[in-house]
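I opened my notebook to look over the fold of this chain. I wanted the overall build, then a look at one strand.

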Amino acid sequence: MSESTTIFGLHAVRTLLQQRPERAAVLILQKGRDDARIAELMKLAQAKGIKTELRDSKELDRLAGDERHQGACLQIRSVGVLGEGALDDVLDSVATPPLLLVLDGVQDPHNLGACLRTADAAGVTAVIVPKDRAAGLSATVRKVASGAAETVPLIQVTNLARTLRWLKERDIWIVGTDDQATHSLYASKLTGPLAVVLGAEGTGLRRLTRENCDALVSIPMRGVVESLNVSVATGVLLYEAVRQRQ
C-alpha cells in the first residue's frame, strides 16, 4: 500500500488534481477564505470525485509545517521516490535521447524543489540523487517544485559513482560542472543521450563523481561572485542543452 503525504500551495495542488487525480485522497481548503482560485480547486475536486474538507487556518498551518500553504492542502497517495532499479525502465520508456539531471548531494530542500521545477520545464527524463547526505522528497520540496515532483521521476541511488558508470554502459554522455574546468559550457556538445551532473551547495562534485564524468565544464562568470546557486546553475545548464537539442 502506498503511503500518504501532503502537498500544499495553490499551483502544486491544482497541478496534481489536473495531472494525477488518481493519487488525490482529500482536498483540504481553508474555511472562510473567499478566493476564486480556492473555488476553482473545489470544482476540480468535485468533478473528479475527490473528497473536500474545510478546516481552519491553524489546521492547514499544521499540515503544511508552517510553510505558506495559500489556503490549500492536498493529501495524496504518495508513490515516494523510485529506486535505482527503476532507472532501466525509465530510460527504456522514452522515444527521444534521454536528458538526465544528476544532483550530487544537494541538501537544501528548497534547492531540490527548484531543480525539479526546472527539470520539468526543460523536459528532463529523470532526476537522480544519492540516498545519503541529500534532500529527499519532503512536503517542502513538493511545494517549491510547484507540481514538478509529481511529473518528473526522482530516483535515489545507493552509489552514485556506480550509477554513473552504469549510465556510460548505456551510451549516455556524462557532463559535470566544475568551477575550475577550463572548458566552457557553451563550447560543449550537449546533444544525444546526456546526463548533466551538479554538485552540492558550497562543496561541488565529490571526487568519485568528478572522476566518473566524461567531461567537466564551467559556467562563465563575469562578476565578482565565484559560483551560482545550484538551482540557478541547473537552469543555465539544462537550457543550454535544450537550445542545442532543438
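I counted secondary structure elements in the chain: nine helices and 11 strands. I noted that the model is predicted.

Next I looked up overall dimensions. The C-alpha trace spans about 60 × 45 × 35 Å along its principal axes. The radius of gyration is 19 Å; a compact globule of 246 residues would have one near 18 Å, so the chain agrees with that expectation.

I then checked packing. Of the 246 residues, 48% count as buried. Among contacts with a separation of 6 or more, 82% join residues 24 or more positions apart.

Leu-99, Leu-101 and Leu-103 point one way from E6. Leu-100, Val-102 and Asp-104 point the other way, and they too are buried.

Which strands flank E6 in the pairing? With E10 (residues 194-199), E6 pairs in the parallel sense over six bridges. With E7 (residues 126-130), E6 pairs in the parallel sense as well, over three bridges. I followed Leu-100 into each partner. Leu-100 stands opposite Ala-195 in E10, and its bridge partner in E7 is Ala-126.

Notes: Residues numbered from 1 in each chain as written. Predicted model: local features only at pLDDT ≥ 70, side-chain atom pairs only at ≥ 80, totals over all residues. Heavy atoms only, no water. Helix = DSSP H or I, 4+ residues; strand = E, 2+ residues; numbered from the N terminus. Rg over C-alpha atoms; globule rule 2.2 N^0.38 Å. Buried < 20%, exposed > 50% of the residue type's maximum accessible area, 1.4 Å probe, protein only. Contact = heavy atoms within 4.5 Å. Pairing = 2+ DSSP bridges.
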